[in-house]
Amino acid sequence: MIDTLIVCALESETNNQLNDYNVLYTGVGKVNSTFELTRYFMIYGFPKLVINYGTAGSRDLPIGELVECGRFVQRDMDVSPLGFPKGTTPFDNTPSILGDDGLVVGSGDSFVINKKEYKGIDVFDMEAFCIAKISW
C-alpha cells in the first residue's frame, strides 16, 4: 500500500512537476474521476493520503496560486423542483458538504460562466467533490 496518492485530471496540469510521485490521471469530470479513483482503490487499496492536484477557477484568488481547500460541494446537482436544496443528492447518506473547514470547492461538469450564481464557493473545478466523497 502506498502512503500518498496525487489525483489529477490531466497530465498537462502538472507541468512535469510530479514525476517523482505516485500520480493517478483520471480524465476530466465527475464521472471519469469517480470511475478511475474507484478502480484504483479496488486494485491497490486505500492510501493514507489523497491529494487532488490540478487547475481550477476562482473569483478572488490569484492565478497560479496553490490553495488548500477543506470543504467540497457539487455545484451542479440541482433537484430543487423535487424539494431538495441545491447541491443535495436525493436519498444519499453522504453529507452535501464534505469537510468542515477552509476554502469551499464547487465541483461540476460545466464551466462556470456566472460566478455570482455560486455564492459561498471559493474555487470551481470538475473533480474535487467526487475525489473527496470516494476518499471520505
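Leaving aside neighbours within four places in sequence, Gly54 is in contact (heavy atoms within 4.5 Å) with Cys8 and Glu13. The structure is a predicted model, in which local features need pLDDT of at least 70, side-chain atom pairs count only at pLDDT 80 or more, and totals for chains, interfaces and linings use all residues. Residues are numbered from 1 along each chain as its sequence is written, and side-chain values use heavy atoms, with hydrogens and water left out.

Gly54 lies in the loop between β3 and β4 (69–74); strands (E, at least two residues) and helices (H or I, at least four) are DSSP runs numbered from the N terminus. The relative accessible area of Gly54 is 46%, and the residue is therefore partly exposed, a class between buried (under 20%) and exposed (over 50%), with a 1.4 Å probe and protein chains only. From C-alpha to C-alpha, Gly54 is 7.8 Å from Leu10, although 44 residues separate the two in sequence.

Three strands form an open sheet in the order β2-β1-β3, with parallel pairing; two strands pair if DSSP finds at least two bridges between them. The edges are taken by β2 (23–25) and β3 (49–52), each with a single partner strand, so one side of each has no neighbour in the sheet. From one strand to the next, the twist averages 25 degrees. Strand β1 (residues 4–8) runs parallel to β3 and is joined to β3 by four bridges. Val7 has Asn52 of β3 as its bridge partner.

Helix α1 (residues 30–44) lies across β1, β2 and β3 and runs at about 160 degrees to β1. Axes are lines fitted to C-alpha atoms, for helices over the stretch in contact, and angles run from 0 to 180 degrees between N-to-C directions.
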